[in-house]
Each structure stands twice: as C-alpha cells, then as structure tokens.
Amino acid sequence: MTHRSYTRNLLFILLIIGLLCSFYFSKSWIDLCAGLAFFLFGMQCMEDGLKQLAGGKLEQLLAKSTSTPFKGLLFGIGSTTVLQSTTLVSLLTIAFISTGLITLAGGITIILGANLGASNGIWLLAIAGQSISLSAFAYPLVVLGVLAAFNGDKSKAIGRILLGIAFIFLGIDQIKSGFSSFTGDLDLAQYQFTGFLGALLFLGIGLVITVVLQSSHATLMLILTALGLGQIGLEQSFALAIGANVGSAVTTGVMGFIGGNRSGQRLALAHVIFNVTTGLITFVLLTPLTWTVASLAELLNLNPLIQLALFHTIFNVSGVVIFWFLQYKLAAALIKWLPDIEEPKVLITEVSQPTTSDTTPVEEIITPARYLNDNALSSVETAITTVIKELEHLERISLEVICHALYIPVEQLSANQIDLVLLNASPENRGIDADTLYKRHVKGIYSDLLTFMGRIEIPSDDEEHQQLFMTCQVVALQLVDAVKDAKHLQKNLHNYLDKTDSTAYTFYIELRKYLLGKLREIYKLGNLDLPDELWFSRLQLLNDDSASFDTSFRNRLFSSVRLHQLNGTQTSSLMNDVGYASRIVQSLRNVLILSHSSDTNIFNKFKQAVDEDRSEHLIIM
C-alpha cells in the first residue's frame with residue numbers, strides 16, 4: 001500500500017468514527033444524514049438503472065448530438081433533466097471527448113445545456129414544496145422496484161429506476177423531518193450574516209457542501225428545506241445556490257483533470273470557467289437580481305421556494321446566453337492554453353543495460369497504461385474506445401520492443417529508407433534484451449488493460465459491444481504473444497549474427513530485413529488517413545507479401561539443406577523463427593484493423609480478416 005493510499009484510508013476511517021460519534025449526541029442529526037443518504041443513493045440507483053436500460057443508446061445519442069450546437073444544448077438539457085446529475089453528464093461528455101468521439105465545441109454546448117437541465121431539477125423539488133409528503137408515493141415504488149428485479153435485465157433496470165425515485169422521495173421527506181428537528185434544537189436564523197461578507201460566506205458554504213456531497217442537487221434540496229423552514233433568508237439561499245453551482249464545476253474539474261487527457265482537461269476547464277464566471281457575475285448582481293425576483297414574486301404570488309428556482313434559472317440562462325456566442329472562441333482559447341502534448345517519436349529511450357551504480361532497480365522501471373482512467377468507465381462506448389486507444393499505445397511499444405529484439409534502431413521505423421549497411425552487418429551494440437524490455441514496457445500495460453477490462457460492465461443483450469470486447473481481449477493477447485515471439489527470435493539472432501561465414505547468417509539477415517520492412521509498413525499504415533477501401537487494399541498487399549515470403553523462405557531453406565549448406569539444428573531454428581516472424585506481423589496487423597475501423601461493422605471486418613488468413617496461424621475467435 002502506498003503512502004497516499006494509507007493516508008486516504010486513515011482519513012476515511014477517522015471521518016467514519018467522527019460521524020458515528022456525532023450520531024450519539026443528536027438523533028435529529030442522524031435523521032438529517034439518513035435523508036441525505038437516501039437522496040444520494042436514490043440518485044445513484046436512478047443513474048445506474050437509466051444507463052442499464054439505455055444500453056449503448058445514450059452513448060450513441062451523445063455521439064450524434066453534437067452535429068449542431070443547438071442539438072448539443074438540447075442533449076445537455078434533456079440528459080441532465082433525466083439523470084438529475086450535471087456531474088454525471090459532464091464526466092460522460094469528458095470521457096467521450098477524451099476518446100475523440102465528439103469535438104470540444106460540441107462538448108461545450110452539452111455543458112451549457114447540462115446547467116440549464118440542473119434548473120429543471122430544482123423546479124421539481126420546489127414544486128413538491130414542504131406541505132406534500134412523498135413517502136406515500138415512495139413505498140409502492142419500493143415494492144414494484146423490488147418485484148421488477150426478478151424478471152430479466154431490462155425489468156431489473158426499470159426496477160432500479162423505480163427504487164431510485166422511491167429513495168429520492170424518502171430522502172426528501174427525511175431531510176425535511178431531520179432538518180426541522182435539527183433546527184428546532186439549534187436555531188440557525190440567529191447565525192445569519194447580512195451584507196456582502198454574509199453573502200460571500202453563504203456562497204462558500206454552498207460550494208463546500210456540494211464538494212463534500214458530490215451533488216449540487218442534494219445541496220439544493222438542503223437549501224430548499226432550510227428556506228422553507230425559515231432558517232435562512234431568500235438572499236442567503238440565492239448565495240448558497242451560486243456556491244452549489246460553482247461547487248459542481250469544481251468537482252467535475254478536479255475529476256476531469258485527474259482522469260482525462262488533454263481534450264478532457266479542456267472541457268473540464270470550460271465547465272469551471274462557465275460556472276465560476278456565471279457565479280461571479282450573478283454574485284456581483286445579487287442585489288438587483290434579488291429585487292427582480294422579489295418583484296416577480298409579488299406580481300405572480302410566488303412562494304420562496306419557487307423564487308429560489310426562478311433565481312437559479314435566471315442566472316443559468318444568463319450564463320448560457322453569454323457563453324453561447326463565445327463557445328468557439330472559448331474552444332480556441334482552451335486549445336491554446338492547454339496544447340496537445342506532442343507524442344514522442346520514440347517511446348523506449350534506454351539503449352543499454354543499467355550499470356551497477358544505477359540507483360533505480362530494473363523491476364521498478366515499469367511503463368503504465370496511458371489512456372485508461374476511471375472516467376472512461378462511465379459508459380460502455382467510452383470504455384471500449386479507451387481500450388482500443390490503449391491497444392494502439394501497446395502496439396507502438398511492442399513495435400519498438402521488436403525492433404530492439406532485432407537489434408535495429410527504432411528510428412528505422414520512420415526513416416525515409418532502410419539502412420542496408422546497418423542491416424547487413426553484425427550489430428555492434430546489443431543494447432537491452434527483449435525479455436527485460438517486455439517486463440519494463442509491455443507487462444505493466446497489459447496488466448493495466450486486463451484490470452480495466454475486468455471493470456467494464458456490458459449488458460448481456462448488447463451483442464455488438466460484447467463481441468468488440470472479446471476482440472480487444474484477443475488483440476491484447478496477440479500483441480503480448482508477438483513480443484514473446486520476438487524474444488524467442490532474438491536468441492537465435494544473437495547466436496547467428498556473429499557467424500558471418502555461415503549460410504544461416506545469410507538467412508537471418510534476410511529474415512531481419514523482411515521483418516523490418518513489414519514493421520515499417522505497419523507503422524506507416526497506423527499513421528495514414530485513407531478511405532477504408534484504399535486502406536484495406538494496402539493491408540491486403542502486406543498480407544499477400546507476407547504469405548509469399550513465408551512460402552519462398554521455407555522452400556529455400558529445404559533447398560539449402562539438400563545442398564548441405566544448413567544442418568538440422570540451423571534449419572530447425574530458422575523454421576521456428578520464420579513462424580515467429582509471420583505471427584508477429586499478423587498480430588500487429590490485427591490491432592491496425594481494430595483501431596482503424598470506426599463503424600458498427602468493426603468486429604465483422606476483424607473476424608473476416610482473421611478467417612481469410614486461417615492458414616497463417618492467426619487466432620480464430
């Protein structure tokens with residue numbers, strides 16, 4: 001366990017102990033906390049149920065919703081209204097941007113819509129009011145939700161949604177009851193502060209509560225309850241609502257920066273900029289806005305709860321109006337502030353074995369996964385897309401390890417032409433052996449991939465993602481096998497590349513040259529942006545050349561045996577090694593197919609390519 005994990009676990013245990021001790025001294029405090037727990041658990045149940053019920057449709061809708069800014073806005077409003085969580089919608093959007101499924105400008109419009117959707121939630125809570133008991137509706141929903149859980153996946157998802165609504169209703173009633181008892185013992189009205197500093201204090205309180213609860217909706221429920229009981233004034237509730245809005249952006253921003261790549265970090269920052277800017281403008285105009293809402297309330301005879309909902313809507317609509325005309329400029333500014341991190345041309349930089357004075361043990365130098373993060377697990381689509389991106393990263397690493405196994409500089413992959421002098425000579429610098437490089441750079445990524453894929457939950461009726469998931473597993477295994485094949489190949493290269501006067505040396509030089517040519521072609525195909533038909537025709541040429549070389553190489557081997565130029569041991573080694581070479585090319589090719597195709601037939605394209613080369617020892621699913 002790392003020091004950071006130990007500290008986090010210790011703080012969590014201390015928090016639990018402190019909370020349990022506080023329950024001992026106040027029953028009303030227990031009721032209030034239980035209400036919050038019901039409310040948050042209900043939201044979680046609803047989110048899970050809706051995601052299970054939608055399957056991949058939510059992700060598909062999100063991917064299509066950014067064709068125009070207005071569609072993105074509508075999706076943000078609709079999804080937040082249904083899911084009742086701006087944080088979930090924001091993190092889902094960040095995950096999609098991180099995997100390249102939507103653009104930054106499209107993501108910004110979804111964030112704008114999500115903030116408007118959040119206002120719909122507070123209207124529902126405000127309309128429920130303080131006089132209506134929702135428990136009477138909750139208990140039948142609990143019964144129906146539990147019964148639905150025994151009738152298949154779809155029914156189970158519906159049951160989860162019903163249970164979520166029920167717990168939200170129970171939570172609202174429990175919060176009202178607990179808050180009423182709690183404030184009966186402790187009159188919060190006597191601690192109210194007025195003026196600018198008072199409003200600033202309440203803004204900070206709203207921000208902190210939201211960060212702690214990880215839900216602006218839960219914070220707004222507390223604000224509505226306190227306002228309905230007269231524990232806070234209208235202006236204080238407005239300041240708390242501003243703080244809750246800013247707090248939700250802070251939560252999303254932190255999680256987006258920790259778990260997202262550059263694209264995700266840009267959107268997380270956009271969310272923070274929108275909410276903080278809107279909050280600051282609203283806070284500066286708090287007095288005139290309060291007067292405006294009070295005037296409308298007097299004219300329309302609105303109660304304080306509806307006034308709070310109206311204020312929340314006004315400041316979110318104002319923010320959307322301001323940023324609507326700035327969305328493209330904001331996107332351009334974010335790209336400038338957070339530029340893409342340039343991909344290094346060579347990922348494996350060490351060239352020789354560490355000396356005995358090296359202070360870092362070899363086993364501690366482990367390359368981790370680059371793209372895998374918890375945010376991507378928010379949907380099946382983003383999780384699978386992230387796995388494919390990580391497989392591309394693993395393929396680049398594998399290509400370089402294979403180059404090292406062949407005693408060829410990695411730069412030869414992207415060089416304008418092959419250095420024939422280098423290939424025809426015995427390598428002077430043997431560098432680091434492939435087994436060490438495998439342990440340092442491949443094994444860690446592969447382990448991270450297996451762990452991440454083990455956390456992906458795909459509905460049993462989602463056949464497309466199930467098949468794609470299986471394909472990713474096979475490709476990951478093939479990449480690891482390709483590196484292991486290169487490890488075996490390196491052993492014989494090490495022995496025979498020094499024997500320049502033997503026929504085996506000539507064959508190994510040829511095999512080395514062939515493999516480098518195919519690795520270069522695979523490297524180029526991975527970076528080419530061509531139409532599918534042309535791209536696959538290039539790939540087919542690579543397959544045909546590989547099959548032709550394999551047959552020709554084996555035939556010439558037996559011809560040399562008949563001429564007594566090769567003995568049995570040499571022939572056996574070369575036969576094995578040409579097999580290793582063929583499998584290396586085929587495994588690397590399969591990752592190209594997986595990462596290149598972006599349509600719904602990706603699995604069929606992969607399987608078709610595998611079936612066509614059944615005779616060439618490809619793994620058949």
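1. Residues are numbered from 1 along each chain as its sequence is written. The model is predicted, so that local features need pLDDT of at least 70, side-chain atom pairs count only at pLDDT 80 or more, and totals for chains, interfaces and linings use all residues, while side-chain values use heavy atoms, with hydrogens and water left out.

2. Helix α10 covers residues 216-228, 13 residues in total, where helices are DSSP runs of H or I with at least four residues, numbered from the N terminus. From its first C-alpha to its last α10 reaches 18 Å, close to the 18 Å expected, the expected span being 1.5 Å times one less than the number of residues.

3. Because 12 of its 13 residues are buried, α10 is largely enclosed by the rest of the structure; buried means under 20% relative accessible area and exposed over 50%, with partly exposed in between (1.4 Å probe, protein chains only). Among the buried residues are S216, H217, M221 and L227.

4. At the start of α10, a side-chain oxygen of S215 comes to within 3.4 Å of the backbone nitrogen of H217, and after the helix follows G230, with a positive phi near 75 degrees.

5. L286, L289, T290, V293 and A297 are buried in α13, and, seen down the axis, its buried residues fall within an arc of 100 degrees (taken from the directions from the helix axis to the C-beta atoms), so they line one face of the helix.

6. On the other side of α13, T287, W291, E298 and L299 are exposed, and just after the helix N301 takes a positive phi of about 60 degrees.

Methods. Helix = DSSP H or I, 4+ residues; strand = E, 2+ residues; numbered from the N terminus. Polar contact = N/O pair within 3.5 Å; in protein donor to acceptor, adjacent residues only side chain to side chain.
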